[in-house]
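Here is a short briefing for a first look at this structure. Please keep the sequence and the model in view while you read.

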Amino acid sequence: MKVIAAYLLAVLGGNTAPSAKDLKHILGSVGIEADDDRIELLLSEVKGKDITDLIASGREKLASVPSGGGVAVSAVPGGGGGGAAAAAAEEPKKEEKVEEKEESDDDMGFSLFD
């Protein structure tokens, strides 16, 4: 991602065909050590291609990827899944006795509403 971001920054800066040296310079300016293998891989993949065309084709691919909703559907049990809910309803609820603490005299006898 860092290499792609550096490439896009170079293109936005006006360099239509950034070199590995340009990308290393951009990454180095923010203290990131450049990975030569990733830079060469990116440059070989985008060589001779227009960045706007690449972004447009990427958007088309992302539009076909389902997002959201799937998790909520799988978390809700289907038609025959009521058995667990019925078993939980049959179990008697255990009431915990909560002992009330006596009011302390930390307020020295004064109450907020007196």
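**Salt bridges and exposure**

K24 is partly exposed, with a relative accessible area of 37%. K24 pairs with D36 in a salt bridge. The model is predicted.

**The salt bridges**

- The count of salt bridges comes to two.
- In one of them, the side chains of K24 and D36 meet at 2.8 Å, N to O.
- K24 lies in helix α2 and D36 in helix α3, so this pair ties together parts that are twelve residues apart in sequence.
- D36 is partly exposed, at a relative accessible area of 41%.
- D35 forms a salt bridge with R38. The closest N and O atoms of D35 and R38 are 3.2 Å apart.
- D35 counts as partly exposed, at 32% relative accessibility.
- R38 is exposed, because its relative accessible area of 55% is over the 50% cut-off.
- Why can such pairs form? Side chains of opposite charge can pair when their charged atoms come close.

**The overall build**

- The chain has six helices and zero strands.
- From the N terminus on, the elements run α-α-α-α-α-α.
- The chain has 114 residues, and 12% of them count as buried.

**The largest pocket**

- The largest pocket holds about 200 Å³ of space.
- The lining of the largest pocket divides into eight nonpolar, no polar and four charged residues.

- I4, Y7, L8, L42, V46, I51, L54 and I55 line the second largest pocket.
- Three helices, α1, α3 and α4 (51-63), each supply at least two residues of this lining.
- What is the make-up of the lining of the second largest pocket: nonpolar, polar or charged? The residues divide into eight nonpolar, no polar and no charged.

**The surface patch**

- M1, I4, L8 and I55 form a nonpolar patch on the surface.
- Together, the residues of this patch have about 390 Å² of accessible area.
- M1 sits in the segment before α1.
- M1 is exposed, with a relative accessible area of 77%.

**A buried proline**

- P18 is found in the loop between α1 and α2 (20-29).
- Is P18 buried or exposed? P18 is buried, because its relative accessible area of 7% is under the 20% cut-off.
- P18 and K47 are 29 residues apart along the chain. The C-alpha atoms of P18 and K47 are separated by 9.9 Å.

Definitions and conventions. Residues numbered from 1 in each chain as written. Predicted model: local features only at pLDDT ≥ 70, side-chain atom pairs only at ≥ 80, totals over all residues. Heavy atoms only, no water. 1 Å grid on protein atoms, 1.4 Å probe; cavity = no way out; pocket = protein on both sides within 12 Å on 5 of 7 lines; lining within 4 Å. Points joined across faces, edges and corners; volume = space filled by probe spheres on them. Nonpolar A, V, L, I, M, F, W, Y, C, P; charged D, E, K, R; others polar. Helix = DSSP H or I, 4+ residues; strand = E, 2+ residues; numbered from the N terminus. Patch = residues over 30% accessible without salt bridge, like charges linked within 9 Å, V, L, I, M, F, W, Y side chains within 5 Å. Areas by Shrake-Rupley, 256 points an atom, 1.4 Å probe, with all protein chains shown as cover. Salt bridge = Lys/Arg side-chain N within 4 Å of Asp/Glu carboxyl O. Buried < 20%, exposed > 50% of the residue type's maximum accessible area, 1.4 Å probe, protein only.
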